[in-house]
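Subject: Structure handover

Hi,

Here is the structure for you to look through. My notes follow below it.

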Amino acid sequence: MTKKIQAPRGTYDVLPSLADERARLEHTAAKLLGAAGYGRIETPTFEATHLFSRTVGEATDVVQKEMYTLQDGSGDSLTLRPEGTAPVVRAYLEHGLHKEPQPVKLWYLSQFFRYERPQAGRFRQFWQIGVEAIGSADPAVDAEVILLLAELLEAIGARDVHLVLASLGQPESRAAYREELIAYLRANEDQLSREVIDRIDLNPLRAFDAKHEPTQRVMAKAPRLIDRLPQEDLDHFAEVQDLLRASDLSYTVDTTLVRGLDYYTRTLFEFQSGALEAAQNTLGGGGRYDGLAEAIGGPPTPGIGWAAGVERMLMASTQPPPVELPVELYVAYEPGHKEAAFRLAADARRAGHTARLELAGRSLKGQLKQASRTRARYVAIFGDEGVQLRDRDGGEDKLVAPESVMHHIRGQI
Ligand code: HAM
């Protein structure tokens, strides 16, 4: 027998029961973000590869190991988008959105691709809801986007949610700090894990993320970026925090928060959930990326945003089960009456009713069993004597003319 072909590892099918749940999440997000003035944007599924290598960063895991990159027929290198921020900023620049009142506020619900080790809450094709507010460096924008994600998570009933904040400052102070950290890591190299040593020059900040205990001990005493930030950045961060406190949002500041993307400047944040396993407990995260537009050839343009994983949000939330639309009319038929039955089901749907027709060639008995399974209010049975109309809500069976079925049920349902 031919081997069964299955979906690629780390991907999944959205069957109807899952689709309903996702549709409700989408509806909640659309309402909340729309009310805050965010317009929906969709960018292509693939982009020029260097859009990501220049912004997400050559040294990141995403660019080094996780991109699905292909060469197309004309020899161009294209990549299935691993994230949405660089594409949205590209679109902002390409369409001259800087001419609109700033900041331009956009949101998306799209699928992304990363070659990661599949596990609960980690997929190779996954979905994100994200927002990007581009064109203003005002701390109020930072506070607004953070608050929006908090509100979305609350609206979907995400459990045990906790906000973590940090500030990264600007590239200049970060570069000086980076040198200081590299020197510190080199001085303590004998206690660090092989993996951290191999990446000291490439990405020293990742050492804060290490699971290796001796490395963690070294990192506990390592210099902290927050202690090296210039006053301007500290003031910006303080204002973001003031605004969050003014909206009663609780958070903790974690000066070692590291995110896997290189474009961040200043505010950085993550919403974690205790309802998910520690390795994948981040429901969503984001931050400022004031240098991203320049990195892809645009003018200096501040921006901030976040993205939250659809799968993780659903896993962590307690949305009530979907309300199924009740079936109003089930149309059954005896042999020879299929066409008339088909027509009635179509007419009923056109008139705005939920109607089902027998589609699998069952016997009349089988059809009636199906009708009661769907819990349809009315069952119309086409036969030689006409149409027997049954009101399953307790009424009598009536024999009616085929063309009068709609007349009989109208006004009742
Ligand atoms: P990110 O932290 O890479 O940020 O991803 C955001 C969220 O997407 C994660 O917190 C997680 O919920 C979900 N996610 C990421 N990778 C996977 C995966 N393999 N499987 C399932 N879910 C996943 C970004 O992507 C940035 N673009 C966010 C941003 C927007 N920053 C500024 N603006």
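Is the crossing of H5 and H9 left-handed or right-handed? It is right-handed. A crossing counts as right-handed if the near helix is turned clockwise from the far one by less than a right angle, and as left-handed if anticlockwise.

Before the rest, some ground rules. This is a predicted model: local features need pLDDT of at least 70, side-chain atom pairs count only at pLDDT 80 or more, and totals for chains, interfaces and linings use all residues. Residues are numbered from 1 along each chain as its sequence is written, and side-chain values use heavy atoms, with hydrogens and water left out. Helices (H or I, at least four residues) and strands (E, at least two) are DSSP runs, numbered from the N terminus.

Helix packing

H5 covers residues 139–155 and H9 covers residues 231–246. They pack at about 45°, with axes 8 Å apart. Axes are lines fitted to C-alpha atoms, for helices over the stretch in contact, and angles run from 0 to 180 degrees between N-to-C directions. That angle makes H5 oblique to H9 (under 35 degrees is roughly parallel, over 145 roughly antiparallel, 65 to 115 roughly perpendicular, the rest oblique). H5 brings Pro139, Ala140, Asp142, Ala143 and Ile146 to the contact; H9 brings His236, Glu239, Val240, Leu243 and Leu244. Contact means heavy atoms within 4.5 Å.

H1 (residues 16–35) also packs on H5, at about 145° and with axes 10 Å apart. This crossing is right-handed. Thr28, Ala29, Leu32 and Leu33 of H1 meet Leu148, Glu151, Leu152 and Ala155 of H5.

Ligand

There are 26 residues around the ligand (a heavy atom within 4 Å). Glu83, Glu116, Phe123, Glu132 and Tyr264 come nearest.

- Glu83: a polar side-chain atom lies 2.7 Å from a ligand nitrogen.
- Glu132: a side-chain N or O atom is 2.8 Å from a ligand nitrogen.
- Gly305: a backbone N or O atom lies 3.4 Å from a ligand nitrogen.

Backbone

Most residues other than glycine have a negative phi, and most peptide bonds are trans. Gln102 and Pro103 are joined by a cis peptide bond, with omega about -5°. Pro103 is in the loop between H4 (85–94) and E5 (104–113). Asp248 has a positive phi, near 60°. Asp248 sits in the loop between H9 and E8 (252–253).

Best wishes

Methods:
A polar contact is a pair of N or O atoms within 3.5 Å; within protein, one must be able to donate a hydrogen and the other to accept it, and residues adjacent in sequence count only if both atoms are side-chain atoms.
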